[in-house]
Amino acid sequence: REQLAVARASHSYLLLLSTAEARALFAALGDASSSNSLRDLAVAYFPRFFLAALLPARSRQPTRQLRAKIRGFVRAFHGGAGAVPAALASWPEAVGNFASRLRAALDSPLPVRPAAAAEGSGDSSGVHVHNCDGAEPELLSRLLLHVYGGRMPEGFEVLFCARSTRASEIELFLQRACVHAQRTFALVRADLLSSGGQDVLTYFLLDRQRESEPVRLHCIVDGPSLIQPAPWIRMHQWGPNSVGASTLPSRAAAETSYRSGVVDGACVLSLRVVTSLAPGAGKTHLARKELARLGVDVVEVSISEAFDSSAIGLALCKHQLAQSHRGAPASAVLFKIQFGYYDSLAELACVLAPINQFFYELLVLRLVGGSTVDVPYALRADAGWHVIVEVPSLIGHAPGVSGAEQARWLRDIGLPALFYLSTELTPNLVYDLDDETRRVCKYLRAFSDG
């Protein structure tokens, strides 16, 4: 662990890999018989770090050129005399050496996707604590847009915290923020960290003040935490009655920014959510009709209360690989959200919270599971995906839900990130029938009318 921390301090791009990814690269580095595994891993891991904003807009050419450069570098590195044999160095140093050499060969900066609007956070330097206590969950999407100056954050810049978040994950994220001090980093729901995780964060903040080193760190909390006001910590209140909430992007502005940033014509070609106020209104039929119109290969992914983001990431990875092997420029993913009955909307909100986070990670950060030590799933910058999400009606799933109320609840509380990103589709009130069925109905009505 100490060797890994030292190597990460010396090789800044090693900070952007999870421990599992770094170990996989080390195993490939030690395989002297073939460079194929190292090439495949490098092409899978590094484009998300080296690929700057896609220019010209909506073009996939920069991504293809980058992958070709990485393949060429791996061939030269694996057989070149300048490569450091993995067996002669500690595994963190061997991987760090590889990452640093790749960075020098590509001569490319870390990516910053362009801002989609003029919304901004002003001076983001220093340590900021944002208290959202009492605010509806939709405010988080607008707050993150504000923190990152209207641009889409990168996957390595945001860490969603939970009780299960390890102290080592917090240490890695904070070391990343320290080394890449010119970038902005956000810890979301830092109040959910265990006491050990909050201790790591508190000690880091004290070190920052003592050493007077630059850092751009935003801690977002929605409840009590160990972070206390201090002269070097800028506190922000974003509750429902706070004055500062008016400085955040409006809902309409946030929707415009997110949709233009996510649906970029290269990674995501279209993004739609299919909803209805009542069950049995034809959502699945409408979704399948839209997919048939696209005429591309489709993978269906079910998301329920027992959903596992790593398992879904694996399914998406297989679909992405199959699309790549076929050479298909586009494909589609249909997410079908399903859940049971709950005694209150508050219980249902707790179930939907991780699903809402999943869609933000997948579509905005393009990195699912990046906050864990497991190998995350990275959505390729040139994936060429049409995404459709089918959301069930709340009627029959929670008590006392009216049609108008459920629409607002899903947008503001249940799945706010998803609705910020997507265009909404609703089935027609008139049944969608083919000509033959309409003819039969016509004769049946004539028979009924006598």
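Colleague: What share of the protein chain's residues counts as buried, and what makes a residue buried?
Modeller: In this predicted model, 50% of the 450 residues count as buried. Buried means a relative accessible area under 20%, so each of those residues falls below that cut-off.

Colleague: Why is strand 11 called largely enclosed?
Modeller: Strand 11 covers residues 385-390, and six of its six residues are buried, so the rest of the structure largely encloses it. Trp-385, Val-387 and Val-389 point one way, while His-386, Ile-388 and Glu-390 point the other way, and all are buried.

Colleague: How do you know that strand 6 pairs with strand 11?
Modeller: Pairing takes at least two bridges between two strands. Strand 6, residues 268-274, has six bridges with strand 11, in the parallel sense, so the pair meets that definition.

Colleague: What makes strand 8 a partner of strand 11?
Modeller: Here too the requirement is at least two bridges. Six bridges join strand 8, residues 331-337, to strand 11, and the two run parallel, so they count as paired. Ala-332 stands opposite His-386 in strand 11.

Colleague: How many helices and strands does the protein chain have?
Modeller: The chain comes to 16 helices and twelve strands.

Colleague: What share of its contacts joins residues at least 24 apart?
Modeller: Among contacts between residues at least 6 apart in sequence, that share is 79%.

Definitions and conventions. Residues numbered from 1 in each chain as written. Predicted model: local features only at pLDDT ≥ 70, side-chain atom pairs only at ≥ 80, totals over all residues. Heavy atoms only, no water. Buried < 20%, exposed > 50% of the residue type's maximum accessible area, 1.4 Å probe, protein only. Helix = DSSP H or I, 4+ residues; strand = E, 2+ residues; numbered from the N terminus. Contact = heavy atoms within 4.5 Å.
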